[in-house]
Amino acid sequence: MSARRGEYGVDAPMVPIVFGAITAVAAVVTVVLIARGDPWWWIVGLIFAWFGLQTASFLYTTLQGKFAVWDDLLDGLSLRGDEQCVDVGC
């Protein structure tokens, strides 16, 4: 992948904030349940793991992944460099 020049921030920034908050709360609850010896700690642990992975996946795809996809798509076009295009936004 070539050096990227754009910085587009995080798409839908509330999503990783909410997912991260759920991850943090679930982590704390999991630790408390383990400390108390509760045999059902693993259910909250699964929620912790699920939202942790979702948060990481979301941040990767919004900050890095889209550039990798764009790079592959543009490489597949075999552009010469003298083309003209119209940027229609999103």
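Mentor: Let us begin with accessibility: a residue is called buried under 20% relative accessible area, exposed over 50%, and partly exposed in between, with a 1.4 Å probe and protein chains only. This is a predicted model, in which local features need pLDDT of at least 70 and side-chain atom pairs count only at pLDDT 80 or more, while totals for chains, interfaces and linings use all residues. Residues are numbered from 1 along each chain as its sequence is written, and side-chain values use heavy atoms, with hydrogens and water left out.

Trainee: How many salt bridges are there, and what counts as one?

Mentor: A salt bridge is a side-chain nitrogen of Lys or Arg within 4 Å of a carboxyl oxygen of Asp or Glu, and by this rule the count comes to three. In one of them, the side chains of D11 and K66 meet at 3.2 Å, N to O. Because D11 lies in the segment before α1 and K66 in helix α2, the pair ties together parts that are 55 residues apart in sequence; helices here are DSSP runs (H or I, at least four residues), numbered from the N terminus. D11 is partly exposed at 39% relative accessible area, whereas K66 counts as buried at 14%.

Trainee: Which residues does R80 pair with?

Mentor: R80 forms a salt bridge with D82, the closest N and O atoms being 3.2 Å apart, and another with E83, where the closest N and O atoms are 4.0 Å apart. R80 is exposed at 68%, D82 is exposed at 55%, and E83 is partly exposed at 32%. Through shared partners, these salt bridges join R80, D82 and E83 into one network.

Trainee: Is T62 buried or exposed, and what does T62 touch?

Mentor: T62, in helix α2, counts as buried at 4% relative accessibility. If contact means heavy atoms within 4.5 Å, then T62 touches G9, V10 and D11, not counting residues up to four places away in sequence. The T62 side chain also reaches the backbone nitrogen of D11 at 2.9 Å.

Trainee: Which helices supply the nonpolar patch?

Mentor: Patches are made of residues with over 30% relative accessible area and no salt bridge, like charges being joined within 9 Å and nonpolar side chains (Val, Leu, Ile, Met, Phe, Trp, Tyr) within 5 Å. Here α1 (14-36) and α2 (41-76) each supply at least two residues of the nonpolar patch, which covers about 1,100 Å² and includes M14, W41 and I47. I47 lies in helix α2 and is partly exposed at 38%.

Terms used: Areas by Shrake-Rupley, 256 points an atom, 1.4 Å probe, with all protein chains shown as cover. Polar contact = N/O pair within 3.5 Å; in protein donor to acceptor, adjacent residues only side chain to side chain.
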